[in-house]
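Hello,

My notes on it follow below.

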Amino acid sequence: MDGIPHRRRGPVRRDRPHRRQPRQRRCARRGTGARAGQAAAAAAVEGEDAVAANQRGEAAYRGGDLAAAIAAYQQAIELDPGYALAFSNLGLAYVRKGRAAEAIWTSRRAIALAKGPGAATIRAGAYYNIGKLYELDGQYERAMSNYLAAKREKPDKSYDEALQRVSGY
């Protein structure tokens, strides 16, 4: 692991072109265009497809196929950009792949998006994953902060054990 990047301070770089969405999707979001009603109906199907893609990713992850899991989670997110569980699962797969920057970004996105009855579990898992990465990188204060956040979201023995591991540093 080459180290975990710190938050950048200063102006936002605009050296990369902004990726625009297809016109149909933009119009549907705004409620304009001839196909707005069709796109809104298709969005419900896409949400269902996102759940199926996430489940495929979970099966691939359990089977040890991280590349297939990552692809399935990415597909779920593409179909439903607000699907916190898919972001959380993608973050965990990135942790296992050793892709720290992506793992932290997707885990933070999961935390921001989590809502509803399973939100505390999603946030706790995401905080734990971030803490684990910081612990592995020797950033024990940041690790402790994330482990504490995980414990606040949903108390669990594994969070207590993680806090004990990093408290000696």
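Asn89 counts as buried because its relative accessibility is 13%, where buried means under 20% relative accessible area, exposed over 50% and partly exposed in between, with a 1.4 Å probe and protein chains only. Asn89 sits in helix H4, residues 84–97. Apart from neighbours within four places in sequence, Asn89 is in contact with Asn54, Glu58 and Tyr73; contact means heavy atoms within 4.5 Å.

This is a predicted model, in which local features need pLDDT of at least 70 and side-chain atom pairs count only at pLDDT 80 or more, while totals for chains, interfaces and linings use all residues. Residues are numbered from 1 along each chain as its sequence is written, and side-chain values use heavy atoms, with hydrogens and water left out.

The protein has eight helices and zero strands; these are DSSP runs numbered from the N terminus, helices being H or I with at least four residues and strands E with at least two. Of the 169 residues, 33% are buried.

Helices H5 (residues 100–113) and H6 (residues 119–136) pack with their axes 9 Å apart, at an angle of about 155°; axes are lines fitted to C-alpha atoms over the stretch in contact, and angles run from 0 to 180 degrees between N-to-C directions. H5 is therefore roughly antiparallel to H6, the term for angles over 145 degrees, with under 35 roughly parallel, 65 to 115 roughly perpendicular and the rest oblique. Residues making the contact include Ala103, Ile104 and Ile111 of H5 and Ala126, Ile130 and Leu133 of H6.

Regards
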